[in-house]
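I opened this model to go through its sheets, its ligand site and its aromatic pairs. My notes follow the order in which I looked things up.

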Amino acid sequence: MIQLVLVAAVLAALLYYFCIKPMNYWRERGVKQNDHPVWLFGENWRTTIRKESFFELVVRCYNQFQGTRYHGIYQLIQPTLLIKDPELLRKITVKDFDHFTDHRSFFSEETDPLWGKNLFTLRGRKWREMRPILSPSFTSSKMRTMFVLISKCSKDFVNHFLKKDQDCVEMEMKDTFTRFTNDVIATSAFGVKVDSLEEPNNEFYSMGKRATDFSGFAMMLKFIGFFVAPDLLKYLRISFMDSAVNRFFCDLVDNTIQVREKNNIIRPDMIHLLMEAKKGVHHKDENSGVDTGFATVEEADLGEGHVTEITNLDITAQALIFFFAGFDSVSSLMCFMSHELAVNPNIQTKLRNEIEETLAGCGGEITYEALLKMKYMDMVISESLRKWPSAVATDRVCTKPYTIEAMNSDEKPLLIEKGTTLMIPIVGIHHDPKYYPDPERFDPERFSDENKGKIDPFTYMPFGLGPRNCIGSRFALLETKLLVFHLLSHFELIPVEKTQIPLKLSRKTFNMMAEKGFWLGLKRLKK
Ligand code: HEM
């Protein structure tokens with residue numbers, strides 16, 4: 001009997017400690033929070049039972065407690081401070097960046113070295129060392145070099161469909177665009193040439209799909225496990241990534257490095273820069289400080305004669321995060337943009353007119369400079385990223401205690417403890433009518449020369465904010481512009497029977513996917 005009581009007491013204590021107590025974290029600090037958070041699941045309950053997409057979750061959380069600058073939520077059992085006020089976002093991501101240098105990570109270097117060592121997950125000094133090594137891969141001069149590689153992939157892509165000799169080709173765009181982004185990142189990050197439309201089952205593409213497949217219930221459970229009890233998973237040596245995928249990418253990078261070293265091959269790609277860094281050679285290029293879009297943080301002072309030690313595993317980890325981001329986020333942007341162009345034919349016509357004028361202006365062959373000068377292209381992409389940001393939210397972890405001073409009588413100074421997670425609700429802000437009237441309307445004019453000056457930079461953040469923003473934003477934009485340029489030069493994007501209008505988001509995947517896929521028709525233009 002005593003044993004039974006003891007077991008019950010221990011269970012009750014565990015239940016209280018793990019399920020109930022964490023859900024009072026914000027209340028105890030006088031911060032507004034949901035009165036009845038779901039034990040153990042917090043705000044993630046509806047996504048777990050697939051009643052809500054992550055996009056919907058972020059918008060719903062953002063809209064709680066209107067008029068406050070921040071409030072508390074629970075991501076599973078993790079207390080998270082959701083920041084809504086643009087000025088506070090500026091402080092956290094730029095001015096007082098020193099207190100919030102890290103992203104949250106639940107991967108361990110031991111069980112998932114490729115996830116644990118990549119730039120997104122790296123923390124503190126390790127991140128400060130790695131970011132300046134990778135930044136030179138994305139400067140304007142590197143983008144000019146990439147332009148040639150990406151142009152080739154874009155032309156191959158369009159030719160593949162021109163060869164079909166059909167007036168209209170109907171297809172699911174996520175699969176199609178992912179094949180394109182796969183080939184682009186394969187050549188520019190890994191130095192590998194593949195054509196995933198002509199060879200649909202090539203190993204690079206299959207492994208990429210396996211590495212980025214986060215669908216399914218088992219994956220959902222794994223995610224929850226990593227979130228709620230990362231140490232337990234580490235102890236049990238459960239890894240996030242499939243071991244075959246790990247091996248494939250590690251072998252690929254090892255072999256590439258060996259062949260290049262043996263044959264003295266120099267290719268202007270990311271593996272080359274990392275190989276140089278491994279030897280202790282640092283490339284200084286324009287913007288080689290941490291380019292944030294809003295501020296430039298100089299390269300970290302690592303001390304006299306400091307040489308960052310880089311292993312082949314580090315190189316693979318960085319190449320893999322580039323691959324992951326390039327594979328999925330960019331293809332999502334292309335899908336949403338194509339959908340909007342298909343359902344807004346007047347916008348598509350205006351963009352095609354600009355494409356034709358630009359092409360005529362540069363003698364029938366698009367140049368890097370001419371592409372970058374296209375204003376309407378820029379406006380359409382900016383609006384696509386506003387309405388459908390591939391990353392619906394991002395985060396920061398407090399690395400040094402920080403106080404948010406009170407701004408009005410409803411607030412008290414709030415001490416943020418080291419280790420606290422903060423959410424930057426990108427999609428919530430992008431859909432706030434206060435900043436973007438009629439937010440569901442797709443309207444590139446919001447970003448015209450006349451209007452864009454009115455947008456507060458801290459209310460537009462598809463690539464995040466401050467020194468920890470997206471390192472690949474220029475690359476993503478260049479790739480999307482080139483693809484759309486070549487595509488619209490030859491085809492009209494049209495809705496077909498299977499096109500879902502209005503588009504609904506899938507509740508089954510972690511990444512942004514359309515519930516019924518992105519079905520569209522490519523109708524050949526009569527020339
Ligand atoms: C449309 C495409 C893309 C979108 C919307 C996107 C968005 C983002 C966002 C929101 C973040 C977090 C920023 C923050 O916390 O402030 C991020 C980080 C990152 N992105 Fe992207 N991204 C895209 C494409 C790419 C590409 C093509 C690459 C690489 C080739 C890339 C590499 C990275 C890396 C390495 C980080 C972590 C940076 C760090 O922690 O220092 N992304 N991205």
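These entries cover strands, then the ligand shell, then ring pairs.

**Entry 1: what I am looking at**

I note at the outset that this is a predicted model.

**Entry 2: the four-stranded sheet**

I looked up the strand order first. Four strands form an open sheet, and the order runs E1-E2-E9-E6. The pairing in this sheet is mixed. I then asked which strands stand at the edges. They are E1 (70-75) and E6 (394-397). Each has a single partner strand, so one side of each lacks a neighbour in the sheet. On average, neighbouring strands here are turned by 35° against each other, direction ignored.

Next I checked the pairing of E2 with E9. E2 covers residues 78-83 and E9 covers residues 421-424. The two run in the parallel sense and share three bridges. For Leu 82 I found Met 423 in E9 as the bridge partner.

**Entry 3: strands around E11**

I moved on to E11, residues 519-524. With E3 (residues 168-172), E11 pairs in the antiparallel sense over five bridges. With E10 (residues 491-494), E11 also pairs in the antiparallel sense, over four bridges. Which residues stand opposite Leu 522 of E11? I found Val 169 and Leu 493.

**Entry 4: the ligand shell**

I counted 28 residues around the ligand. Those that come nearest are His 103, Trp 127, Thr 394, Arg 396 and Cys 470.

A polar side-chain atom of Trp 127 sits 2.8 Å from one oxygen atom of the ligand. For Arg 131, a polar side-chain atom is likewise 2.8 Å from a ligand oxygen atom. Leu 465 contributes through its backbone: a polar atom there is 3.0 Å from an oxygen atom of the ligand.

Which elements give two or more residues to the shell? My list reads H7 (124-134), H15 (312-343), E6 and H21 (473-490). H15 gives the most, with six residues. By residue class, the shell divides into 17 nonpolar, eight polar and three charged.

**Entry 5: aromatic pairs**

I found 25 aromatic pairs in the structure. I wrote up two of them.

Trp 115 is in helix H6 (residues 113-116) and Phe 324 in helix H15, so far as the chain goes 209 residues apart. Trp 115 counts as buried, at 8% relative accessibility. Phe 324 is partly exposed, at 22% relative accessibility.

Phe 322 is buried, at 10% relative accessibility.

**Entry 6: a ring cluster**

Last, I looked for rings joined into a group. Ring pairs link Phe 190, Phe 204, Tyr 205, Phe 248, Phe 249, Phe 323 and Phe 327 into a cluster.

How values were computed
Residues numbered from 1 in each chain as written. Predicted model: local features only at pLDDT ≥ 70, side-chain atom pairs only at ≥ 80, totals over all residues. Heavy atoms only, no water. Pairing = 2+ DSSP bridges. Axes fitted to C-alpha atoms, helices over the stretch in contact; angles between N-to-C directions. Near = heavy atom within 4 Å. Polar contact = N/O pair within 3.5 Å; in protein donor to acceptor, adjacent residues only side chain to side chain. Nonpolar A, V, L, I, M, F, W, Y, C, P; charged D, E, K, R; others polar. Phe/Tyr/Trp six-rings, centres within 6.5 Å; stacked < 30°, edge-to-face > 60°. Buried < 20%, exposed > 50% of the residue type's maximum accessible area, 1.4 Å probe, protein only.
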